[in-house]
Every structure is written in structure tokens, then in C-alpha cells.
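Could you walk me through this protein in plain words?

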Amino acid sequence: MLKPDFEKGGGLIPAIAQDAASGEVLMLAYMNDLAWEKTLETGEVHYWSRSRGKLWHKGGTSGHVQKVKSIRLDCDRDAIVVLIEQIGGAACHTGYRSCFFSELGPDGEARECSPKVFDPEKVYGPGA
């Protein structure tokens, strides 16, 4: 079975979530072997939270889960792209469709380039 080489990155590999229909890059997170296995088992993306040091089911709290459509490994098997269907319209915990919601314009100024879909305080509570 084709499987990432988790040893190269000290147990973690970068995982890019990309909208399967539009091709839009929605987020970058990390997977370890456990997250990989849970993703394959459930058909919904799981990641490893580096800051919390634990498995994270994307959308487990918000309901904005990522349904796996396809998984692609790079030539070195140390990075993956997960083509997904984003349920609920937002991949970013800050409420935006994409975590890559800031774009540097030709004038050098930053601007929003992805819509805000929800209010994080209403989903995660005050201080979110």
C-alpha cells in the first residue's frame, strides 16, 4: 500500500487541503501516522496538532469537516495533497473559507481574498 514516509520529517508530514471541485488551496496542516490511518479509516481528514500535541479531527467542533475525495503523495512520499469536499464552507478556524485569506497586492498592501463564512466566537465561544 502506498504510504507517506513519516520518518523523514520526524514523524510529521505537511498535508495540503485543496478543494477537489475548484482547486482552491484551503489550508496546510500536518499529519502523523495516526492521523493518516484515521483519515483512511473514516474518509474525513484528521491532522496532528503540533501546538496541542494531539490528534485533531478537522471540523470535529465546528462541523466543517473535510470529506476525502483523493489523496496524492509527492515523489519523495514526504508531503501530501488531500483533495477534499469542505463541508460548511470554511476550512479556517478564523472563519474564512481558506486559511490563505490574505493576499499581497501589486501595491504591496494586504487584502482579503477569501470570504469570511462564520464568526469564530459563535462557533468556538468567546475569545476564539
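Ser-98 touches Glu-24, Val-25, Leu-26, Cys-92 and Ser-114, leaving out residues up to four places away in sequence; contact here means heavy atoms within 4.5 Å. This is a predicted model, where local features need pLDDT of at least 70 and side-chain atom pairs count only at pLDDT 80 or more, while totals for chains, interfaces and linings use all residues. Residues are numbered from 1 along each chain as its sequence is written, and side-chain values use heavy atoms, with hydrogens and water left out.

You will find Ser-98 in the loop between β6 (80-86) and β7 (102-104); strands are DSSP runs of E with at least two residues, numbered from the N terminus. Is Ser-98 buried or exposed? Ser-98 is buried, at a relative accessible area of 1%. Buried means under 20%, exposed over 50% and partly exposed in between, using a 1.4 Å probe and protein chains only. The Ser-98 side chain also reaches the backbone nitrogen of Phe-100 at 2.9 Å.

Now for the aromatic rings. Rings of Phe, Tyr and Trp (its six-membered ring) pair if their centres lie within 6.5 Å; planes under 30 degrees apart are stacked, over 60 edge-to-face and the rest tilted. By this rule there are three aromatic pairs, and the table shows two of them, including the tilted one of Tyr-47 and Trp-56.

| Pair | Centres | Planes | Type |
|---|---|---|---|
| Tyr-47 and Trp-56 | 5.1 Å | 40 degrees | tilted |
| Phe-118 and Tyr-124 | 6.1 Å | 65 degrees | edge-to-face |

Tyr-47 is buried at 0% relative accessible area, whereas Trp-56 is partly exposed at 23%. Likewise, Phe-118 is buried at 11% and Tyr-124 is partly exposed at 35%.

Note on methods:
Helices (H or I, at least four residues) and strands (E, at least two) are DSSP runs, numbered from the N terminus. A polar contact is a pair of N or O atoms within 3.5 Å; within protein, one must be able to donate a hydrogen and the other to accept it, and residues adjacent in sequence count only if both atoms are side-chain atoms.
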